Every structure is written in structure tokens, then in C-alpha cells.
Amino acid sequence: MMKKRLNQLAATAICGNDISSSCLYVSGLAIVYAGQYAWISLLMVASILYLFRKIYGEVVGALPLNGGAYNALLNTTKKSTASFAATLTVLSYMATAVISASESIKYAHSLWHSIPVIYTTIGLLALFMVIVILGIGESSKVATAIFIFHLTSLTLLCFFCGLYLFQNGFDTLLANFKNPIEGNITTALFFGFAAAMLGISGFESSANYVEEQQDGVFPKTLRNMWIIVTIFNPLIAFLALAILPIASIHNTNETLLSFMGQISGGNWLFYIISVDAVLVLSGAVLTSFVGVGGLVERMTLDRILPKFLLKKNNNGSSYIIFICFFILCVTILIFTQGNLKALAGVYTIAFLSVMILFAIGNILLKINRKNLPRPERASQIALFIAILGVGLALLGNIILNPPYVGIFLEYLIPTSIVVLFMLYRIRILTFFLKFVEYITPSNKPVFKNIDRIIKKQILRINSQEFIFFTNHDDVSTINKAILYIIKNEHTKRLKIITVLKPDFFVPPNLKTDIDVLDRAYPNVHIEFIEEQGHFNPEMIKELSKKYQIPVNFMFIGSPGENFPYKIQELGDVRLII
């Protein structure tokens with residue numbers, strides 16, 4: 001985590017490198033499917049992204065905590081739904097790491113043809129695995145330098161392509177627009193739009209480090225990313241159609257921009273674009289490693305993934321997470337052989353699913369957390385159009401790449417099984433315990449040992465205590481909190497804590513009501529505690545140390561407009577009412 005909070009340029013650079021790196025391959029990909037209408041498809045994508053600016057702005061503005069869709073759903077709905085979003089986000093990070101690494105090496109291969117693409121891609125992924133394991137995080141200064149160089153390179157490319165167009169005439173552009181397309185214009189635009197949604201990959205990344213950004217910076221990063229995508233992606237596609245025959249674009253779509261640079265400016269521009277591509281795509285790989293590390297660590301702390309993933313080296317790095325992520329990336333690279341269409345299909349399905357879940361998180365925020373302060377609000381019509389647009393793009397990608405759905409499921413299903421086991425492991429272990437007890441012969445002590453081990457494991461899992469802070473004397477509100485914790489967490493002990501200011505007293509009926517609730521839920525011991533002081537971030541940390549309960553196992557109700565602290569100031573405390 002960065003110690004110094006990021007200004008607008010630094011924060012935009014980190015997520016901007018991710019989303020703007022897609023300029024290097026999405027234009028060619030869109031032309032493959034939409035032909036001469038690709039630039040229109042890319043403008044359609046930009047319009048959907050504009051709607052998501054408000055959606056992300058409202059959700060993250062109300063819940064300005066790291067974690068993206070996972071955090072949004074964790075604080076608005078069930079833990080299992082948030083876990084599914086987190087699983088999709090991990091797959092999204094995996095696919096974007098492989099796409100970025102593979103495309104980076106393909107651009108390097110255009111400079112040095114002797115490079116073996118697959119093996120060198122594995123080497124690049126291994127390099128970033130080692131870097132993050134050594135504890136070298138993402139440097140905002142390096143990210144900013146790459147970002148500025150990348151935007152300068154794209155601007156140079158567009159300028160020289162425009163110059164080439166005016167010097168050589170519009171014959172190629174006109175010929176391309178007369179080129180016959182498969183099906184009709186509507187079909188071309190639909191499939192081009194679906195494929196072009198890959199061009200907004202990285203838009204969600206700013207939400208994953210919002211706590212490291214200065215106040216007011218997050219919505220500006222969304223605006224800046226939208227401007228980059230709206231200008232460069234359609235413009236580059238249009239210029240490619242203006243200077244190159246469609247057949248040439250199809251043959252060079254994976255390194256299209258460097259080829260455009262060579263045609264319009266000569267070898268010097270070809271080298272600049274190629275070096276820029278290698279740098280910015282490598283930066284996107286690093287973003288994936290850093291992002292997945294933070295997300296998986298958060299999931300593990302929330303007991304969604306196995307605890308051994310948190311094991312750290314001397315540099316404080318969760319190295320097992322990065323090793324597992326590297327292995328998963330290599331397997332998907334080998335399965336797809338670095339094929340851009342295959343990787344894009346897998347990634348886009350995961351990424352678009354996460355975007356839909358984020359929009360659903362916005363709806364749930366409006367319903368379940370309507371009193372939570374937020375700087376801006378997305379309208380209902382914007383939500384409907386955004387979900388419809390992303391849903392159509394998801395459908396289009398499934399139609400375009402049905403075999404890739406199978407590859408996507410090959411990774412989603414095993415990961416989901418691990419997550420589901422962790423979420424429902426008490427039920428699973430209890431069922432297994434009853435099964436063992438049923439089949440256990442009285443003269444077979446080995447089964448008794450299994451019985452003892454399972455009981456010990458269940459006891460250990462349930463030993464984790466949780467805290468719910470309340471200032472209500474409304475027993476129904478406290479009952480809702482208890483029900484949420486019982487349904488979503490593994491525990492047998494819950495502390496209900498009220499923090500009292502000097503000269504304040506607990507309503508006389510509150511203790512009695514909580515005693516009634518304790519008897520109503522015999523499987524959970526509910527303890528009522530009064531603490532003197534002021535409820536603030538310092539008090540939360542103090543109570544965490546006092547009771548040895550991590551902050552992410554503490555819950556509060558949704559605060560109102562007059563709450564004196566911002567949600568992010570309370571650490572990882574969760575909203576459940």
C-alpha cells in the first residue's frame with residue numbers, strides 16, 4: 001500500500017496505463033468483427049462507459065474502500081454474492097495479465113523476431129511474480145512516466161497517420177468503406193461493440209485503490225479514463241481504416257499500431273510505438289499482480305479463501321498468492337497459446353460479468369443503504385441502459401466465442417468450488433461428521449479419530465468472535481444484525497457493543513432485550529457490553545486490540561447524513577443494516 005496519497009495524475013496513471021494499454025489491440029480486434037464500422041462500435045462502448053462513470057462514482061463515493069465490486073456487494077448484500085463477484089474479478093485479473101504479457105511480447109517480437117513468444121511471455125509473468133514477491137510495489141512515479149510516454153506516443157501516431165492520410169488521399173478509406181461485410185450493418189456493429197468492450201478493461205481498477213487517493217480524485221480518474229477511451233480508441237480505428245486495407249489490418253491486428261507507425265512515419269515511429277507497447281502492457285501486468293494480491297488477501301482475511309494464502313515472507317509479501325496466480329496465468333496461456341481472440345473472450349466474459357454485478361451493487365445500495373451519504377447518484381434510466389448494454393456485449397461475446405466459454409468455466413468452476421466450500425464449510429463438515437458417525441463401527445478407533453479431528457476443526461472455525469456496534473434500543477434492528485451474521489459468518493460468539501458518551505446511559509430495556517435474543521439463538525452466545533468513550537476510528541482500533549478481534553470482523557449499521565466520520569476512516573468495518 002502506498003504511504004503517500006495519490007494526486008490526480010498519479011492515480012490516473014496507474015489505472016490509465018491499464019485501460020489505455022487496450023488501445024494497442026482493441027482497435028484491430030474491433031475491425032476484425034465490425035470492419036469499416038469499428039470506430040462506431042468503439043464510440044458505442046464509450047457511451048456505455050460514460051454511464052458507468054456515474055455508477056462507479058455513486059457506489060465508491062458512498063463506500064470509498066478498496067475492493068471494487070467485491071466491497072460494494074459485501075456491504076450491500078450477502079457475502080456469497082460478494083464472493084462470486086470477487087471470483088470473477090480474480091479471473092478478470094488473470095486474463096488481463098496474460099493478454100497484456102502476451103501482447104507486450106508480440107510487440108517485442110516485431111522488433112526482435114528471434115524471441116519465442118510463449119516462453120518469453122511466461123518469463124515476463126515470472127519476472128513480475130518475483131518483483132511483487134520481493135515487495136516492490138507499484139511505483140506511482142514509474143507509472144506516471146510510462147503513462148505520459150504512452151499518451152505522447154499515441155498522439156504522435158495519430159498525428160502522423162492524419163498527415164499521411166492528407167498527403168496520400170482518401171482512396172484507401174473509401175475502398176474500405178465500400179468493402180462488403182458479413183451479414184448487415186446492425187450485425188457488424190453488434191459484434192464489433194461486443195468485442196470492443198475489451199477496450200474498457202481497467203476502468204474498474206481505480207476502485208481497487210481508492211483509499212490511497214486524495215479526496216476528490218477518484219471521480220476525476222473515471223473522467224480521465226473515459227476521455228482517453230473516447231478519443232483514442234475510435235480515432236485509431238478510423239485512422240487504421242484510412243491508411244491500411246482491411247486485409248492488412250486483419251493480418252497485423254495483434255501489432256496493428258506499430259505497423260501503422262511504420263507506414264505513416266517510418267522505422268523511428270515503428271520503434272517508438274513498439275517500445276511504448278512493451279512498457280505500457282508490462283505496466284498492466286504489474287497492475288494485475290498488485291490488484292489480485294490485495295483482493296485475494298482481503299478475501300482470505302474475510303475467511304472466503306484458505307488461511308495459508310496469507311503466509312508472508314520477510315518482505316511482508318503474501319508470496320503464495322502470487323505463486324498461485326502465476327501458475328494460473330501460465331496454464332491459461334498454454335491452453336490458449338496466447339491467442340488474442342481466445343484470451344479476449346475469457347477476459348471479456350469475466351470483466352463484463354463484474355461490471356453487471358457492480359451495477360447490481362448500485363441498485364442494492366439505493367435500496368439497502370439509501371440513507372448512506374454519497375457525492376453523486378446514477379439515475380434509474382442510466383442503470384437500466386448500462387446493464388442492458390453490458391448484458392448485450394456479454395451475449396455477443398458468448399455467441400462470438402462459444403468454445404471460450406468452456407475455458408472460462410474451467411477456471412470459474414474450480415475457483416467457485418473452493419470459495420463455496422469456505423463459505424459453507426461448517427455445513428459440509430457437519431454433514432461429513434454425521435456420515436462418519438453413522439458408518440463408524442464401535443470397534444474401529446480410526447473412525448473415532450476422524451470424528452475427533454472434524455469436531456476440533458468445527459470448534460476452531462466457530463471460535464472466531466464478531467462485534468456489532470449499536471446505538472439503538474430497537475431490538476428489531478439488532479435482530480437483523482444477528483440474523484445477517486449467523487447467515488454469513490462462521491461463529492458461536494457475538495459481542496453487541498454500545499459506546500456511551502460521558503453521562504449517557506443504556507436504555508433499561510436494551511439489556512433485557514438482548515438477553516431474550518441470546519435465548520432465541522441458542523447456537524450463538526450473544527454478549528452485551530457497554531464501553532465508555534466516543535465512537536470513532538481510534539475507539540474501533542482500541543477495542544480490536546482489547547478483544548483481539550480484527551476490524552474486518554466488526555459490523556455497524558448504515559450511518560446517516562450526520563455521521564461525523566467517513567466510512568473509509570473506520571478501516572474495514574462492514575455495513576450490514
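This is a predicted model: local features need pLDDT of at least 70, side-chain atom pairs count only at pLDDT 80 or more; totals for chains, interfaces and linings use all residues.
**Entry 1**

Axes are lines fitted to C-alpha atoms, for helices over the stretch in contact, and the angles between their N-to-C directions run from 0 to 180 degrees. I count residues from 1 along each chain as its sequence is written, and side-chain values rest on heavy atoms, with hydrogens and water left out.

I take helices (H or I, at least four residues) and strands (E, at least two) as DSSP runs, numbered from the N terminus. I looked up helix α1 (residues 8-21) and helix α10 (residues 217-243), whose axes come within 9 Å and cross at roughly 40 degrees. This angle makes α1 oblique to α10; under 35 degrees would count as roughly parallel, over 145 as roughly antiparallel, 65 to 115 as roughly perpendicular, and the rest is oblique. I noted the crossing of α1 and α10 as right-handed, meaning that the near helix is turned clockwise from the far one by less than a right angle, with anticlockwise giving left-handed.

Contact means heavy atoms within 4.5 Å. From α1, I listed Gln8, Ala11, Thr12, Cys15, Gly16, Ile19 and Ser20, and these meet Val217, Lys220, Thr221, Arg223, Asn224, Met225, Ile228 and Val229 of α10. Sorted by class, the residues where α1 meets α10 are seven nonpolar, six polar and two charged. For this, Ala, Val, Leu, Ile, Met, Phe, Trp, Tyr, Cys and Pro are nonpolar, Asp, Glu, Lys and Arg are charged, and the others, Gly among them, are polar.

**Entry 1: helices α5 and α17**

I turned to α5 and helix α17 (residues 402-423), with axes that come within 10 Å and cross at roughly 145 degrees. I noted a right-handed crossing for α5 and α17. On the α5 side I found Lys79, Ser80, Ser83, Phe84, Thr87, Leu88, Leu91 and Met94, and on the α17 side Phe408, Tyr411, Leu412, Thr415, Ser416, Val419 and Leu423. The contact of α5 with α17 holds nine nonpolar, five polar and one charged residues.

I also looked up Lys106, which is in helix α5 (residues 79-111). Is Lys106 buried or exposed? Lys106 is buried, at a relative accessible area of 14%; buried means under 20%, exposed over 50%, and partly exposed in between (1.4 Å probe, protein chains only). Lys106 and Thr120 are 14 residues apart along the chain, and I read 9.6 Å between their C-alpha atoms.

**Entry 2: helices α9 and α16**

I found helix α9 (residues 185-196) packing with helix α16 (residues 380-400) at about 100 degrees, their axes 8 Å apart. I therefore wrote down α9 as roughly perpendicular to α16. Phe190, Phe191, Phe193, Ala194 and Ala195 of α9 make this contact with Gly389, Leu392, Ala393, Gly396, Asn397, Ile399 and Leu400 of α16.

**Entry 3: helix α12**

In helix α12 (residues 256-265), I listed Leu256, Leu257, Ser258, Met260, Gly261 and Ser264 as buried. The buried residues of α12 pack against α2 (23-34), α5, α7 (140-168), α10, α11 (246-251) and α13 (267-301). Leu257 has a relative accessible area of 0%. Which residues does Leu257 contact, leaving aside its neighbours within four places in sequence? I found Cys23, Leu24, Tyr107, Leu154, Leu157, Ile236 and Ile273. Just after α12, I saw that Gly266 has a positive phi of about 100 degrees.

**Entry 4: cysteines**

How many disulfides are there? With a disulfide taken as a pair of cysteine sulfur atoms within 2.5 Å, I counted zero. Cys23 is in no disulfide, and the nearest cysteine sulfur, that of Cys158, is 8.7 Å away. Cys23 is buried at 1% relative accessible area. Cys329 is in no disulfide either, with the nearest cysteine sulfur, that of Cys324, 11 Å away. I noted Cys329 as buried, at 0% relative accessibility.

Arg303 is not a glycine, yet I read a positive phi of about 65 degrees for it. Arg303 sits in the loop between α13 and α14 (319-336) and is buried at 15% relative accessibility. Gln548, also a residue other than glycine, has a positive phi near 55 degrees. I located Gln548 in the loop between α22 (537-547) and β4 (554-556), where Gln548 is exposed at 72% relative accessibility.
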